[in-house]
Amino acid sequence: MAEKQDYKSTMNLPQTEFPMRANLSTREPEWLRFWDEMDIYRKSLEANAGGEPFVLHDGPPYANGHIHMGTAYNKVLKDLIVKYKSMRGYYSPYVPGWDCHGQPIEHQVEKNLGPEKMAAIGQAKVRELCREYALKFVDVQREEFKRLGVRGDWNDPYLTLKPDYEAGNVEIFKKMYLDGSIHKGAKPIHWCIRCHTALAEAEIEYADETSESIYVAFAFTDATPWDAEGPVSVLIWTTTPWTLPANVAVTLADDADYVGVKLVDGRVLVMANELVEPVAAAAEWEDGDYTVLDTRVRGRELAGLHYAQPIHEGVRGVIITGDHVELSTGTGAVHTAPGHGDDDYIVGVKFDLPMVMPVLDDGTFDAGGGPFKGLGVWDANPRIIEWLGERGTLIASSKIAHSYPHCWRCKQPVIFRATEQWFVSMDKTGLRDNAMNAIDSVEWIPGWSVNRMSSMVSDRPDWCISRQRAWGVPIPVFTCAKCGETVATEATFDAVIDLFRTEGADAWFTKTPAEYLPSDTACPRCGAGVADLMPEDDIVDVWWESGVSHTAVLDAREELHRPAELYLEGSDQHRGWFQSALLTSVGAYGIAPYKGVLTHGFIVDGDGRKMSKSLGNTISPLDVIEKSGADIIRLWVASADYGQDINVSAEILDRTGEAYRRIRNTFRFLLSNLDDYDPSMAVAWDDMPELDRFALVQLSDLVDRVTTSYDDWRFHQVFHAVHGYCVTELSSFYLDVIKDRLYADAADSAGRRSAQTVVATILTALVRLIAPVLTFTTEEVWQFMPAALRGETQSVQLAGWPEVDVPSDEAATLRSAYDVLLQVRDVATKALEDARNAGAVGKSQEARLVVAGPVEVLELLTAREPSALAEMFIVSEVVVGDEAPEVTVRVEHASGEKCPRCWNWRELNDDGLCERCAEVVNALA
């Protein structure tokens, strides 16, 4: 027996400088500099210059504040797709953008200045300050998005405040105005009394509010069928007492039965027969407090009767009928104020009712509020209720909690208020029908999202596109100062387009129309000249602004095109950007601006709650980057199913970090066993051991599975496939099995070179499969790879997509065989664990396995070399035993002795080594 000695120097132990600890927060900025220096964005476009184009059009985030987990998730998801498409050979430009106009920026400037300074400066100065604020946060967010590893044209993004973009707004307005889709009119719209502006449906959020619920008697002034019983009133129910000063009618259901309910004081209240009992319950009437009179009439029989307006003395309202009257709540008699509700407005137009509007921009009543002049609408509610009670017309009063519209910016409840605004008609030129047809031509991801989009477009009202603010793109029309006529022609639009393109929209507020309109511009009604034209004060809705990016960006930039292949945003954008882009594109061009739309859920905490500062459950992506690195965020993005709300918490990110470490450790093992390998040493398929061939089949299957998941937009399946492969197929099986060959065989032996060939193939494929996700780590892996494996490719992002071709017939045979062999291995692993726990063996190399089982299993085992089975099971010997109904494995201690070099139990030579190790050591000597 040879003297005990250290054989470490004779082993092929793993060697790599690829660090075990990621230190992502420190290393990632180095890779950002590396990409900047090589101009990775331009390089990726040049590499695919002749490829099929794929344009993912960026929906612009708001240039206000730092990024949050929602914006981080969104941008990383986009980057993942663009990088995947680019690695597949598509020409995939990505132009990031920012929404730079709108009330939040103007509000922040006002807040910074204070109300006195804000009131003292002119509109041009306000716009200058808003521009500075927006550009400041464009720079802030640009650096934060870049820190996430997002690749794009960061040096030339699109900004909605740029002159060319502002001109694009006018191009679409021109097309749709001249086609008859855009008009000006007085109509009730959502109005924010805090922000002093109209709001579109997309700018409304719903939250619970507690409102007054009152039943009020309006006394008839005309004869009714119940006059013989006492004084008669129609009973209405409302949750908005402040709208009563604007009442002009009461609407009944045409075919419903109406009855008189006589109270003990002799008054008769008219209401729908179906609702008598609910009204009695609300008013807390006992059985003896009221009597339902026999006379019943249909709603239409009462139409035309008049009643005393409940607030204004001497004013009368009229009874009408309408289809919107429901008999599920209330009294069946609907208080109607056309200036304060959409249904009221529609029925008001039908019956030519006056549209009274006593509420000012700030939510206070003018003289039309009668006794409540000067009060704000919310303050007026209790006063109105008290006032009605004093006059005996208040029948019942309570409070109800219900969902109520709120301004999406200031979070305050809004009101419905009729003002003169600019609208896009949904029906006048067939826009609704055309948009519905366009929706059917688009791929919606997930598939159910088409239903959400369709329902929103089919049910939406006309789009109010005017806003009463300073910071934005003006409505590009003029008003005649002499007669009030709107002046807007092809020539005036073209002049404004030219003005905006050369000087920006600020010029609208600093120049007179005579300075840029054609000199022969005149009012079509009274003939007044250009000197008598006044520019419109209102600006366009910010959703209009972002929506026209299909023209202002996709059409305007040479590297892009319309329609884009994909729009991608959160599910709230079905009523926002997805819809504004659709309506402006269909309105101007007759087609959708996108071929596909991918929607992701909202970011919520680990318990599914919305993130908010008040709950203390917010997580900043900047904090995560500083602590753990951007690749942890990127892996979290890929691991989540975007088809539902996405959970994030410290615990979830910790689990993501654990998954990351498993993937990183796999890369480190692969790299560490290729230190002495280059592709010239590769072993051909036919010369490989069967186990190595099966490993390539598994890799080929992974490539196919991952590629399909990317193509099907199933990115969480990409994560699970790669992570599962690293843990199950590699760490727990193949890489564990081949360690003996890699470490103990002769460095240049056929068996070791075969294993290295597979390891190199796995490495070069795996690093590219996960590169769109782990953009920093895979670059690090790529640069640590042997130069011969990288070739001339400077970055993993330029390395293309992996293909692992295996003979299909043989691959099928191997899959079938190893499906059984791996099941046997699982039984053996459990038996070895039990034997270790019982003290029968220590390491698995000490074991000898006797396998019994069905004949077809035994045949598979017998067909393989004993040494191959011993390697696969990581034991000293595998013996094929007797036939049995199911697979069983008996563990025995191996014969022979432990080889001090490879630790396998073998018959040792005189030098104290197993035959394999003796040959290697002697050759080295």
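**Exercise 1.** In which sense do β16 and β18 pair, and over how many bridges?

*Solution.* The model examined here is a predicted one.
Step 1. β16 and β18 run in the antiparallel sense, and their pairing comprises 2 bridges.
Step 2. Within this pairing, Val-424 is found opposite Trp-463 of β18.
Step 3. The two strands belong to an open sheet of 4 strands with antiparallel pairing, ordered β5-β4-β16-β18.

**Exercise 2.** Describe the open sheet with parallel pairing, and state which helix lies across β1, β24 and β25.

*Solution.* Strands of a sheet pair through backbone hydrogen bonds, in either a parallel or an antiparallel manner.
Step 1. The order of the 4 strands in this open sheet is β1-β24-β25-β17, and their pairing is parallel.
Step 2. β1 (56-57) and β17 (443-445) are the edge strands, each of which pairs on one side only.
Step 3. β24 (residues 566-570) and β25 (residues 596-600) run parallel and are joined by 4 bridges; Gly-570 has His-600 of β25 opposite it.
Step 4. The helix is α18 (residues 577-589), which lies across β1, β24 and β25 at about 145° to β24.

**Exercise 3.** Characterise the second largest pocket by its volume and its lining.

*Solution.* 
Step 1. The volume of this pocket is about 1100 Å³.
Step 2. Its lining consists of 30 residues; those nearest the centre are Thr-239, Thr-240, Val-334, Asp-343 and Asp-344.
Step 3. Two or more lining residues come from each of β7 (232-238), β14 (333-336), α10 (342-350), β15 (394-407) and β16 (415-424). β15 provides the largest share, 5 residues.
Step 4. Sorted by class, the lining holds 14 polar, 12 nonpolar and 4 charged residues.

**Exercise 4.** How many cavities of 30 Å³ or more does the structure hold, and what lines the largest cavity?

Step 1. The largest cavity is lined by 16 residues, of which Gly-102, Gln-103, Glu-203, Arg-467 and Val-542 are closest to its centre.
Step 2. At least two lining residues are supplied by each of α4 (103-113), β5 and β23 (539-540).
Step 3. By class, this lining has 8 nonpolar, 5 charged and 3 polar residues.

Terms used. Residues are numbered from 1 along each chain as its sequence is written. This is a predicted model: local features need pLDDT of at least 70, side-chain atom pairs count only at pLDDT 80 or more; totals for chains, interfaces and linings use all residues. Side-chain values use heavy atoms; hydrogens and water are left out. On a 1 Å grid over the protein atoms alone, a cavity is a set of points where a 1.4 Å probe fits but cannot get out, and a pocket is an open set with protein on both sides within 12 Å along at least five of seven lines; lining residues have an atom within 4 Å of a point. Grid points are joined across faces, edges and corners, and a volume is the space filled by probe spheres set on the points. Ala, Val, Leu, Ile, Met, Phe, Trp, Tyr, Cys and Pro count as nonpolar, Asp, Glu, Lys and Arg as charged, and the others, Gly among them, as polar. Two strands pair if DSSP finds at least two bridges between them. Contact means heavy atoms within 4.5 Å. Axes are lines fitted to C-alpha atoms, for helices over the stretch in contact, and angles run from 0 to 180 degrees between N-to-C directions.
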